[in-house]
Amino acid sequence: MTEFQKYIQQYLDLIPSENWLEELKKSGEKTVSLYSYLTKEQSNFAYAEGKWSLIELLQHLSDTERIFQYRILAFARGEKSELPGFDEEHYAGNSFANERSLESLLQEFQLVRQSSLILLETLNPEVLKNIGTANGNQISVETIGKLIVGHNIHHLNIIEERYLPQF
């Protein structure tokens, strides 16, 4: 197994059932529920120096999901050109998430998730098998969809383990 496959597998292993589209809905709902109870002070909390605040983490979830959506769309439509990678730290540093309200970022996350669901639910099942290249690695449309779920769950686990115990 390549390093890329190991990296991907760590996220896929977090998906609790085979019905990953249902898990996409559930993880989105859990994220919204968790963030809905945060105060402004809590949303600006980072558990260690150099770590993202909860509000920056929420922006990261939306940013990453948008990138994955583009990859899904491109590969589902037969794109043959390689798509670039992205530096999540660079994106986070340029997001200005801390200048936005939690309500604004939560609304954005909900709309991005709804967009993902519509995109994935309306794809012809055959195109889920389409493979494209992103960041130098081949990946299927279905795997990218599952990555949205696993990535979300990964960050929910981090929030529960490292952020919430501080409150």
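**Entry 1: H6 and H7**

I began with helix H6 (residues 102-121) and H7, whose axes come within 11 Å and cross at roughly 150°. Angles over 145 degrees count as roughly antiparallel, and H6 is therefore roughly antiparallel to H7. I noted that the model I am reading is a predicted one.

I then recorded that H6 passes H7 in a left-handed crossing. On the H6 side I found Phe109, Arg113, Ser116 and Leu120, which meet Gly145, Ile148 and Asn152 in H7. Sorted by class, this contact of H6 with H7 holds 3 nonpolar, 3 polar and 1 charged residues.

**Entry 2: H4 and H7**

I next looked up helix H4 (residues 54-76) against helix H7 (residues 141-163); their axes come within 9 Å and cross at roughly 170°. H4 and H7 are therefore roughly antiparallel to each other.

I listed the residues of H4 that meet H7: Leu54, Leu57, His60, Leu61, Thr64, Glu65, Phe68, Arg71, Ile72, Phe75 and Ala76. Their partners in H7 include Val141, Ile144, Leu147, His151, His155 and Tyr163. The contact of H4 with H7 has 13 nonpolar, 6 polar and 2 charged residues by class.

**Entry 3: H2 and H7**

I turned to helix H2 (residues 20-36), which packs with H7 at an angle of about 30°, the axes being 10 Å apart. That angle makes H2 roughly parallel to H7. The crossing of H2 and H7 is left-handed.

From H2 I wrote down Trp20, Glu23, Leu24, Ser27, Gly28, Lys30, Thr31, Leu34 and Tyr35 as the contacting residues. The H7 residues in this contact include Glu142, Lys146, Val149, Ile153, Leu156 and Glu160. By class I have 9 nonpolar, 5 polar and 5 charged residues for the contact of H2 with H7.

**Entry 4: The strand pair**

I examined strand S1 (residues 131-134) and strand S2 (residues 137-140), which run antiparallel and are joined by 4 bridges. Isoleucine 131 lies in strand S1 and stands opposite serine 140 in S2. I also asked what isoleucine 131 touches, not counting residues up to four places away in sequence. The residues are Gln138, Ile139 and Ser140.

I checked isoleucine 131 against isoleucine 144, which is 13 residues away along the chain; their C-alpha atoms are separated by 10.0 Å.

**Entry 5: Positive phi values**

I looked for the backbone of the hairpin next. The hairpin of S1 and S2 has 2 residues between the strands, and asparagine 135 takes a positive phi near 55° there. Asparagine 135 is placed in the loop between S1 and S2.

I noted phenylalanine 96 in the loop between helix H5 (88-93) and H6. Phenylalanine 96 is not a glycine, yet its phi is positive, about 55°.

**Entry 6: Aromatic pairs**

I counted ring pairs whose centres lie within 6.5 Å, and the count comes to 5 aromatic pairs. In one of them, phenylalanine 45 and phenylalanine 167, the ring centres are 5.3 Å apart and the planes stand at 70°, so the pair is edge-to-face. Phenylalanine 45 lies in the loop between helix H3 (40-43) and H4, and phenylalanine 167 in the segment after H7, so this pair ties together parts that are 122 residues apart in sequence.

Key: Residues are numbered from 1 along each chain as its sequence is written. This is a predicted model: local features need pLDDT of at least 70, side-chain atom pairs count only at pLDDT 80 or more; totals for chains, interfaces and linings use all residues. Side-chain values use heavy atoms; hydrogens and water are left out. Axes are lines fitted to C-alpha atoms, for helices over the stretch in contact, and angles run from 0 to 180 degrees between N-to-C directions. Angles under 35 degrees count as roughly parallel, over 145 as roughly antiparallel, 65 to 115 as roughly perpendicular and the rest as oblique. Contact means heavy atoms within 4.5 Å. Ala, Val, Leu, Ile, Met, Phe, Trp, Tyr, Cys and Pro count as nonpolar, Asp, Glu, Lys and Arg as charged, and the others, Gly among them, as polar. A crossing is left-handed if the near helix is turned anticlockwise from the far one by less than a right angle, and right-handed if clockwise. Two strands pair if DSSP finds at least two bridges between them. Rings of Phe, Tyr and Trp (its six-membered ring) pair if their centres lie within 6.5 Å; planes under 30 degrees apart count as stacked, over 60 as edge-to-face and the rest as tilted.
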